[in-house]
Structure formats: C-alpha cells, structure tokens
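Dear colleague,

Please find below the structure that I am handing over to you.

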Amino acid sequence: MSSADPRHSIFPDWLRKSLDGLYLVSGWLAGLFLISIFLIMLALSAGRPLGIDVPAGDDFASWAMAATAFLGLAHTFRSGEMIRVGLLIEGLEGRKRWIMEMIALAIGTVTAVYFAWYGIDMTMTSFRFNDLSQGVIAVPLWIPQLGFSGGLAILAVAFVDEFLHVLFGGAPRYEKPPPATAEEVVERAIQSGA
Amino acid sequence: MGTIELVEIAGVVLAALLGLLAGGVWIGLSLLVCGWIAMLFVPGIPVGAVLATNSWSNGASWSLAALPLFVWMGEILFRTKLSEEMFRGLSPWLGWLPGRLMHVNVLGCGLFGSISGSSAATTAMIAKIALPELKKRGYDEMVSLGSLAGAGTLGILIPPSITMVVYAVAANVSIIQIFLAGFLPSLIVMALYCGYIAVWSLLNPDKTPPAPAKMSFKEKLRESANLIPVALLIILVFATLLLGWATATECAAWGVLGSLAIAAWSGSLTVRSFWESVMGATRLTCMIMLILTGAGFMSIAMGYTGIPNALATWVESFNLSPYALIAVLTVMYIVLGAALDGLSMIVLTTVVVLPMIQQAGFDLIWFGIFLILIVEMAEVSPPVGFNLFVLQTMSGRDSLTVAKASLPFFFLLMATVAIITVFPDIVMVLPRMAFPG
C-alpha cells in the first residue's frame, strides 16, 4: 500500500497516520473475527459428540461473520481489492481519467456515507429499544451491530479521505499498481476469488 | 403498476447499472445505487432503514460463515508443497494411458479441486509443478496448457467451491445440496478432458514422449504415499459433511484445521504466513460480501417493483422450449462473461433470471450447476479469463496462444452443459438421494 504523496497530502501528518492506522487496525480486527468463526465452528462441531454445548454458538458465529465482512471493508478498499470493471476506465489517461475517477469516487462516497448513516441509525435504534437476540443467550443486539455500523462508518471515512486526496491531485490509493512479477499476477488472480 | 411503467423502471435501472459499472464504480456499490434507484419508484418505503436491516440480516448469517473459511483454507494450502506431492503420487499410475502424464493435469486439478474452492488457485497450484515437469519431458505445450486451464476450472465445480457458496446464498438454496450436485458433472468433465487428451495423443503419436522407465509395483506404491495428506484432508472434509457430523460451515472449519496441520507438517506454517493467510482471506471475504450485500438490496428493491415476476411472465409468453431458454441464457452469459468476473455475473443476474428459470420449471440446484459450468467457460475464454491470466504468466506465452490452447476444453465444457441440460438427473440424483422429498 502506498502512503500518501506528501506534496498532495492535504491532511496534517498525525491525521494521515491515524487514518491509515484506523483502516489497518479495523482490518486486523476483521481478521481476528475470522479466526473466531473458525474456533466457534470447531467447538460446535467437536462439542456435539462430546456432549459439550456452546451456548448460542450459532448466534456468535453469525455475528463474527458480519464483523469480518464489514470491519474489513475500508482495509480491503485501500488495498485495491474491492473490484470494479476496469475495462473502460483503464483506457483513459490524464485529465479524462481524473474526471472519471472523481465521478466514481463521488458516487462511491455518497453511497458509503448514506449506507453508514442508516447502519448507525439502526444500531442506535436497537440500543434505544434495548432489542435482545432470540438465542439461548439474550444479547443486546446493538453490541454485535457495532461491527456492522462501525465497519460501514470506517468505510465512509476512507471514501471521504480518498475523495479529498484525489480531488487535490493525489494518486488513487485504491488501485493497485500493475503487477510487476509473475507471482503477483498469479496471486492477484487468486485474490479475485475466481 | 402498469406494464409500460415497469418497462420504464427496468430501463432506468439497467441504464444506471451499465453506466455505473462502465464508469468504474465498485461493483457492490453500483448494485446498492441501482437498488436505491429502483426503490424511488415504490412509494412509502423507508429506503435507508430497509437497506440497513436487510444488509445486517444478510451479513450476520450462519450459512455464509462457510465462505471465509473455505477462502482461508485455500490461502493456507496455496502456501504448501501439496501440488508437488500430488504430482509425484499420481504420475506413476498414468504412464500406460495414451497421453501419459498429461492426465496428471486433469486428475491433479480434480483432487486439488476437492480441497480448494477457487479455479485460479487450482490452476496455479497444479501448473506450478506440472508445467515445468511436462515441458522437461517433451510433452506438447499447447495440450498441456489447455488441459491445465480447463481442468483448473474444476476448482469451482468440485465442492467445496466459493462460487457455489455465493450462488447458494444469492439463490437461497442449500449449500450442501449444491455441493453434492457438483460431483457427477465434474466426473463427466474429467472424463471428457481425459478422453480428449487420449484421442489427441493417438492421433499425434509423434508428439507424446515415450513412457519413462517402468517402476515396480512396490515403488509405485511408495510414490503414492505422497498422496496421503491430500487424501486425509479430502476424507476429513467430505466424511464430516456426508456422514452428517457437521454442517457445511463446520466442515469448512475442519478443512481449515486439516490445512493448518498439513502446512505445519510440511514446515510452511509460520506466524507470518498464518497471519498473511488470515488477512488474504479477510480481504477476499469483504470484497465478496460487499457485492452480496449490494445484490441482496437490489433484489429486495426489484422485488418491490415487481419487475422480475413481470419479466418471467413476459418470457413465458414466448412459449420458448426449455432448451431454447437455456440456449438463449447460455449465449447471454457468454457475452456477460467477457466483461464481468464469475462471482459478479452470478449475483447480478440471479435477481432477474431466477424467477424466470423457476417459472420455466427448472430446479434452482440444477441451474446453479449450469451457472458454474458457464463461469468455468468464462474463465478459460478471453478477455477476463482468470485461468488464462494465471497460465499466461506461468508459461510466459502470450494470451492468444493460451486462449487458443484452451479452446478445445472450452468446447468440452459446453458439451457438458448440453449433457446436463438433456439429462438433468445427472445433476439432481445425488442431492435427491441425500435429501429425499
């Protein structure tokens, strides 16, 4: 991941570093939730014949899934692994390319902010009405929903950040440079989920 | 809503979708925007609230949790020496067949496909070892490249398969049923591939190198011991699944555990590689999940407008025979496959195509396998065939050569589509056996 080009950085250094840190740490959290899905599943599966019950294990696995999926969004975006159809846009250069990137970023930013707004709204509603989960353990739903709305909020921040960065002349950081080595080409094909 | 209005809405949404995708807006977000646009035509719906609750309930899903685990399993295995062991274990037994070691490509990909859920990973894993070995022994490069590209696509047809999990979620069908449905069609694909290689070798005897020195039976067995780790992993994943000890998601967890054990045993497991595999799987999961979230919202929105049902009725009014419908869809998907990757293609189209398919009397499990085969064809055809990218890079040949080498295998996949269309029972017999009624 390339760090901001200092000539174009419109943010003070401390803010730049905290933002990049925020995306990375939330990505790591998503990774930890992925590991927790694995551990919960093993415990559920191995526990059954042994007569050990993991209370509300299915609830916890589902919530961990949502946390993995949404907390890692900003990190995925900034790693250039959120896919889009590049066929047309990659053929453009210079000013035209910049205009297209700005349009895409503007639409992306508005969508991400809109989504985050209503995600947070839903979590606050759950908190206000003290909604509880229906499983064996009644957990206030706003707690697992934090991973969802928090992840969306961080993605919205990353989009606003990127929008301003490219607007003021920075190079897009959501686009990976063309692969330099053979290994990279292969690795990227695999990372595309094909 | 009147028909004319529906056509207008459909036109606006389709135009928006094409514009957004072509303009380079991220696929998941494009779908969200299109869903939002479709909702504008339906009065009295709190759009933002529907978006949030729908995305939350789709994301916090028990069955979806299989997805990151299968992805992670692939990430771990890719860092092991499993393919080398597979090549050594398989090759002593194939020397007598016409085409000899080229069958290792097909069988190796088949084996690796049953522990990996990705085509690109399967191709890369087997090609890493088979390409240089076959070249060294003087096998024809075109056929080895083509068979690798073709057989690599078995990664998504043989369960576990990331693509199948995504389809099952998008179409709301059972993951296990669609996994089971993939077995027999993948055997057909392998038989067709091996048959093609054998016939080609008989027709071109001068292009196949002579058999290597004969090994004694004992030596062959000793070489086959290399297959033990793979076999154990396959047994671990499928036995837990088939015997009903574990759900699809839990069996993914066992697969991860087994893969970690193999990685540890072969010495490729370090703290660094472990964490890299976790983060790689996390990013891929997030990428897929954003698309699934967008598709989920768009399908709800489209459902409110009533377009998919109207479209299904409209298509029905043509009285197309089921074969004609499948033929039309095949052409449509091949065209789409030129611009989109397989996963996006599936989630984008399920919204409108599935009601049509159900109306025409097709089973959604069957249609899933049909779609997977189509995605496989897209992966071995230019311009966005991921298997071609992988092989192009690994062989150092240009894209045209690799695409040309893959062409016979593209047609063999198409033949498989025809076979399962005429004999749908090939797909359905296993899922029906496991889930009677």
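I begin with A:Arg78, which counts as buried because its relative accessibility is 2%; here buried means under 20% relative accessible area, exposed means over 50%, and partly exposed lies in between (1.4 Å probe, protein chains only). This is a predicted model, in which local features need pLDDT of at least 70 and side-chain atom pairs count only at pLDDT 80 or more, while totals for chains, interfaces and linings use all residues. Residues are numbered from 1 along each chain as its sequence is written, chains are lettered from A and ligands numbered from 1 in the order in which they are written, and side-chain values use heavy atoms, with hydrogens and water left out.

Salt bridges

The side chain of A:Arg78 meets that of A:Asp20 in a salt bridge, at 3.3 Å from N to O. The term salt bridge stands for a side-chain nitrogen of Lys or Arg within 4 Å of a carboxyl oxygen of Asp or Glu. This pair links distant parts of the chain, with A:Asp20 in helix H1 of chain A and A:Arg78 in helix H3 of chain A, 58 residues apart. Helices (H or I, at least four residues) and strands (E, at least two) are DSSP runs, numbered from the N terminus. A:Asp20, at 22% relative accessibility, counts as partly exposed.

Over all chains, the structure holds 21 salt bridges. One of them joins A:Arg97 and A:Glu101 at 2.8 Å, N to O. These two residues are 4 residues apart in helix H4 of chain A, so about one helical turn separates them. A:Glu101 is buried, with a relative accessible area of 2%.

In chain B, B:Arg79 forms a salt bridge with B:Glu276, and their closest N and O atoms are 3.9 Å apart. B:Arg79 lies in the loop between helix H4 (66-78) and helix H5 (82-90) of chain B, whereas B:Glu276 lies in helix H15 of chain B, so the pair ties together parts that are 197 residues apart in sequence. Both residues count as partly exposed, B:Arg79 at 28% relative accessibility and B:Glu276 at 33%.

Chain A as a whole

Chain A has 6 helices and 0 strands. Its C-alpha atoms fill a box of roughly 65 × 45 × 30 Å, taken along the principal axes. Of the 194 residues in chain A, 47% are buried.

Where chain A meets chain B

In total, 63 residues of chain A are in contact with 71 residues of chain B, where contact means heavy atoms within 4.5 Å. The two chains bury about 5,800 Å² between them, 79% of it on carbon and sulfur atoms. Buried area is the accessible area (1.4 Å probe) that two parts lose on being put together, summed over both.

The count between chain A and chain B is 2 salt bridges. A:Glu81 and B:Arg283 meet through their side chains in a salt bridge of 3.0 Å, N to O.

A:Thr111 is placed in helix H4 of chain A and counts as buried, at 11% relative accessibility. A polar atom of its side chain lies 2.6 Å from the backbone oxygen of A:Ile107. Leaving aside neighbours within four places in sequence, A:Thr111 is in contact with B:Leu29, B:Leu32 and B:Val33.

Aromatic rings

The structure holds 23 aromatic pairs over all chains. Rings of Phe, Tyr and Trp (its six-membered ring) pair if their centres lie within 6.5 Å; planes under 30 degrees apart count as stacked, over 60 as edge-to-face and the rest as tilted. The rings of A:Phe60 and A:Trp63 have centres 5.4 Å apart and planes at 90 degrees, so this pair is edge-to-face. A:Phe60 and A:Trp63 lie in helix H2 of chain A, 3 residues apart, about one turn of the helix. A:Phe60 counts as partly exposed at 33% relative accessibility, while A:Trp63 is buried with a relative accessible area of 11%. One aromatic cluster is formed by A:Phe70, A:Phe115, A:Phe148 and B:Trp56.

Yours sincerely

Terms used
A polar contact is a pair of N or O atoms within 3.5 Å; within protein, one must be able to donate a hydrogen and the other to accept it, and residues adjacent in sequence count only if both atoms are side-chain atoms.
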